[in-house]
Amino acid sequence: MNKTIGLVAASFVLVLMGSCGQNFPGYEENENGLHYKFFYKSEDGAKPQIGDYVVLSLLNKFNDSVIYDSRKVNPEKGVAQYYIEEARFKGALEEGLMMMSVGDSASFIISADSVLKYFPSDDSTDIYPKGSMLTFNIKLVQIRSKAEVQAERDSLYNEYMKAQSEMFKARKEEEKKQIAEYLKTNKVTVKPTASGIYYEEKRKGSGASPRIGDKVLVNYTGKFLDGNIFDSSENAGKPVEFMVDSTPGKGVIPGWVEVLQKMKAGGKATVLIPSSMAYDSTGVQDPYSGQYMIMPFTPLLFEIELVEVSK
């Protein structure tokens, strides 16, 4: 089963050919205005229907420039995958695809004015002057049912989730070793709290300790146990304000809520927080790339200075 086939938006398979009203030598025209020419056509064979996926070998150019080449986009297989939906206008590409059988190769010419309704743009008339025609050169490699594609996606998803589960299990075991190694190397003698936090007071503060719902100003540096810094108030150039609350999106991680309530204004502490009191099995991912900035089951080390408490 092919696992490397990607979906291709129609916007990547457009080629400028000429203007409306032209005759296209060698091409026939169906009742809806779709111009087509077969390079090879089998006498029989199943044809794709609405709801099917088709696997295509596809090469398109704009004048002499290649717009899309499935062999370059997918060098391993040389193909792309396209979903056949209900045609949105007469003479659409879907009509041409449903004329083909596996092994057929053909060229289709379609009005750009119709296609661009899919992708409206202020500068579309600069790219494709009104009346332009677009060409699609296609070889039909395979017809796949929607159920088959969904089953493949489900299989890939299940494989991914299994791999994630195994990775999480390994990282959870590794976290215990990391913490033990850190405590030994750094000769940490304080006992952990009930939640597993190691709290080392470096400087006593004064006044009342913050409580849940209070606001605090802190200077801090967050590190992994190997010493690499992942966050710091130095990035802001001044103390940072937080609310002593672990409600998601509202305050701080649960470990900080516990630690801050042990401190007083002016106090400093070094704390080792296990992942269960930090980002646990979710970690922290970049919202754009999806890459982990903090991996799941990662213990964190913080140097915290509580500057001010606001009730």
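Is Asn-30 buried or exposed? Asn-30 is buried, with a relative accessible area of 14% (buried means under 20%, exposed over 50%, partly exposed in between, with a 1.4 Å probe and protein chains only). This is a predicted model, in which local features need pLDDT of at least 70 and side-chain atom pairs count only at pLDDT 80 or more, while totals for chains, interfaces and linings use all residues. Residues are numbered from 1 along each chain as its sequence is written, and side-chain values use heavy atoms, with hydrogens and water left out.

Keep Asn-30 selected: it sits in the loop between strand S2 (28-29) and strand S3 (35-40) (strands are DSSP runs of E, at least two residues, and helices runs of H or I, at least four, numbered from the N terminus). A polar atom of the Asn-30 side chain lies 2.9 Å from the backbone nitrogen of Asn-32; the backbone nitrogen of Leu-34 likewise lies 2.9 Å from a polar atom of that side chain. Beyond neighbours within four places in sequence, Asn-30 is in contact (heavy atoms within 4.5 Å) with Tyr-36 and Glu-95.

Next, select Tyr-160 in helix H5 (residues 146-185). Tyr-160 is partly exposed, at 46% relative accessible area.

Then select Trp-256. Leaving aside neighbours within four places in sequence, Trp-256 is in contact with Val-218, Tyr-220, Phe-242, Ile-273, Phe-302 and Ile-304. The largest nonpolar core has 26 residues (a core is a set of buried Ala, Val, Leu, Ile, Met, Phe, Trp, Tyr and Cys residues joined through side-chain atoms within 4.5 Å); Trp-256 is among the members that touch the most others. Finally, select Phe-89, Leu-93, Phe-108 and Leu-140, which are among the 22 residues of another core, apart from the largest one.

Terms used. A polar contact is a pair of N or O atoms within 3.5 Å; within protein, one must be able to donate a hydrogen and the other to accept it, and residues adjacent in sequence count only if both atoms are side-chain atoms.
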